[in-house]
Amino acid sequence: MTGLKSEFLQILTERDFIHQATDLAALDAKMSEGPISAYIGFDCTARSLHVGSLVQIMMLRWLQKSGHQPIVLMGGGTSKIGDPSGRDESRQLMTNEIIADNMAGIRTVFDRLLTLGDGKTDAVMVNNGEWLDALEYIPFLREVGTHFTINRMLTFDSVKLRLDREQPLTFLEFNYMILQAYDFMELGKRYGCALQMGGSDQWGNIVNGIELARRASSQHLFGLTTPLITTADGKKMGKTASGAIWLNEDHLPAYDFWQFWRNTQDADVGKFLRLFTEIPMNEVRRLEALEGAEINDAKIILANAVTALIRGEEAARLAEATAKETFEQGGAGADLPTVTVPGAALEAGINVVDLFVEAGLGASKGEVRRLIKQGGAKLNDEKVTDTESTVTSSALAGGQIKLSAGKKRHALVRPE
């Protein structure tokens with residue numbers, strides 16, 4: 001849509017954030033009149049979010065930079081159920097203690113990326129457990145349940161996907177969409193929240209909230225979703241062979257985080273610069289137009305920008321320096337991921353396959369054996385050829401052993 005007036009929607013449009021929106025013209029007019037509050041919900045399923053949530057986080061950051069108030073809704077209540085969207089099976093139920101611990105871990109990302117406080121455009125972090133935990137079942141059904149029909153709920157993708165694949169959907173999970181709708185209405189009442197944002201898989205839940213608020217409390221609310229972010233080869237963003245790309249340092253070393261972005265496919269560089277950095281668009285267009293070997297310069301800029309934003313400037317600098325030493329100079333950069341093993345075990349000898357698995361360079365022994373047979377495994381930059389070989393302390397060089405899986409994944413092994 002052209003002719004948008006609000007800075008926030010202009011930015012989102014130019015950077016390709018918008019997939020669907022309810023009454024975009026009216027939302028644009030409202031945002032042009034003055035600050036509004038908008039929210040995105042994050043369930044507390046782990047102590048860290050991963051890059052699959054980064055598009056949503058960047059929207060909240062742009063929202064605040066554009067003069068509006070972000071609301072980070074933590075799912076202290078809904079995490080006790082689990083969102084069935086995009087899943088084939090039920091999530092493992094968590095205790096209150098685990099949910100609280102996960103919430104504390106997730107908060108660290110928002111402390112870095114948003115200004116939280118009491119000002120008009122300061123972000124607020126809210127726990128939906130504040131109102132969901134206090135609900136009484138019968139009054140809730142009478143107040144909210146009458147606005148939902150089973151017929152319509154069965155048409156939503158989160159339900160259809162599970163049923164079409166003949167996977168069980170518990171009654172507990174079936175309630176999730178009603179509670180998310182209730183969250184939106186409640187945030188509208190408590191904080192004047194006018195907009196809910198989320199991924200495209202949340203469209204049905206968002207529309208539910210808008211309709212519930214209109215019917216039950218005469219609120220006029222808006223919804224906006226982002227497209228499903230996939231890589232050029234069609235894979236879901238943030239899912240790699242070695243696992244999720246976590247945002248928190250204690251879940252994933254800064255070097256691995258940096259390297260994920262450095263390994264971006266050529267066709268994805270422009271898209272990722274738009275979505276995951278704040279680099280001005282004229283520079284983004286220049287970088288994405290680079291060809292041949294020069295596109296690698298754009299990938300380094302991308303990796304530095306995202307790492308600096310999420311982990312800090314120093315982490316980005318160290319990661320780039322480690323990569324340069326590792327790849328260009330053939331060394332073993334000090335910031336490479338490191339695993340320690342008992343000194344006695346190394347003296348006695350550790351099977352090379354087991355060592356690669358321990359270092360996180362293979363998800364299984366079978367994967368490492370295939371890597372060795374294909375010639376992709378190296379120890380101290382020398383090719384490993386025997387899957388039954390033993391690594392001992394004699395392999396230590398400068399107090400460490402360098403392992404490599406292919407050209408881009410490395411780790412250091414040090415004795416305890």
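Predicted model: local features only at pLDDT ≥ 70, side-chain atom pairs only at ≥ 80, totals over all residues.
**Entry 1: the nonpolar patch**

I started at leucine 141, which sits in helix H6. Residues are numbered from 1 along each chain as its sequence is written, and side-chain values use heavy atoms, with hydrogens and water left out.

My cut-offs are buried for under 20% relative accessible area, exposed for over 50%, and partly exposed in between (1.4 Å probe, protein chains only).

Then I looked at the surface around this leucine. Tyr137, Ile138, Leu141 and Phe171 make up a nonpolar surface patch, and together they have about 440 Å² of accessible area. The areas come from the Shrake-Rupley method with a 1.4 Å probe, and for residues only the protein chains shown count as cover. Helix H6 (residues 137-143) supplies the largest share of the patch, three residues. A patch takes residues with over 30% relative accessible area and no salt bridge, joining like charges within 9 Å and nonpolar side chains (Val, Leu, Ile, Met, Phe, Trp, Tyr) within 5 Å.

**Entry 2: the positive patch**

I also looked up a charged patch. Lysine 408 is in the loop that runs between strand S14 (401-405) and strand S15 (409-415). I call lysine 408 partly exposed because its relative accessibility is 44%.

**Entry 3: aromatic pairs**

How many aromatic pairs does the structure hold? I get eight. Rings of Phe, Tyr and Trp (its six-membered ring) pair if their centres lie within 6.5 Å; planes under 30 degrees apart are stacked, over 60 edge-to-face, and the rest tilted.

One of the pairs is phenylalanine 140 with tyrosine 182, edge-to-face at 5.4 Å centre to centre and 80° between the planes. Phenylalanine 140 is in helix H6 and tyrosine 182 in helix H10 (residues 176-191), so I noted a link between distant parts of the chain, 42 residues apart. Phenylalanine 140 counts as buried at 9% relative accessibility, and tyrosine 182 is buried too, at 7%.

Next I checked tryptophan 261 and phenylalanine 276, a tilted pair with 5.1 Å between centres and 55° between planes. Tryptophan 261 belongs to helix H12 (residues 254-262) and phenylalanine 276 to helix H13 (residues 269-276), so this pair ties together parts 15 residues apart in sequence. Tryptophan 261 is buried, with a relative accessible area of 0%, and phenylalanine 276 counts as buried at 0%. I also found a cluster in which ring pairs link Phe257, Phe260, Trp261, Phe272 and Phe276.

**Entry 4: salt bridges**

I searched the whole structure and got 19 salt bridges, each being a side-chain nitrogen of Lys or Arg within 4 Å of a carboxyl oxygen of Asp or Glu.

Which residue forms a salt bridge with aspartate 16? I found arginine 274, with the closest N and O atoms 3.5 Å apart. Arginine 274 is in helix H13 and aspartate 16 in the loop between H1 and S1, which puts the partners 258 residues apart. Arginine 274 counts as buried at 12% relative accessibility, whereas aspartate 16 is partly exposed at 45%. A network of salt bridges links Asp16, Arg274 and Glu288.

Glutamate 211 and arginine 152 also meet in a salt bridge (3.3 Å, N to O). Glutamate 211 is in helix H11 (residues 203-217) and arginine 152 in helix H7 (residues 150-153), so the pair joins parts 59 residues apart in sequence.

Arginine 317 bridges to glutamate 314, with 2.7 Å between the closest N and O atoms. About one helical turn separates arginine 317 and glutamate 314, because they are three residues apart in helix H16 (residues 313-328).

**Entry 5: backbone check**

Last, I looked at phi for two aspartates. Aspartate 16 has phi near 65°, a positive value in a residue other than glycine. Aspartate 23 also has positive phi, near 50°, and lies in the loop between S1 and helix H2 (24-33).

Definitions and conventions:
Helix = DSSP H or I, 4+ residues; strand = E, 2+ residues; numbered from the N terminus.
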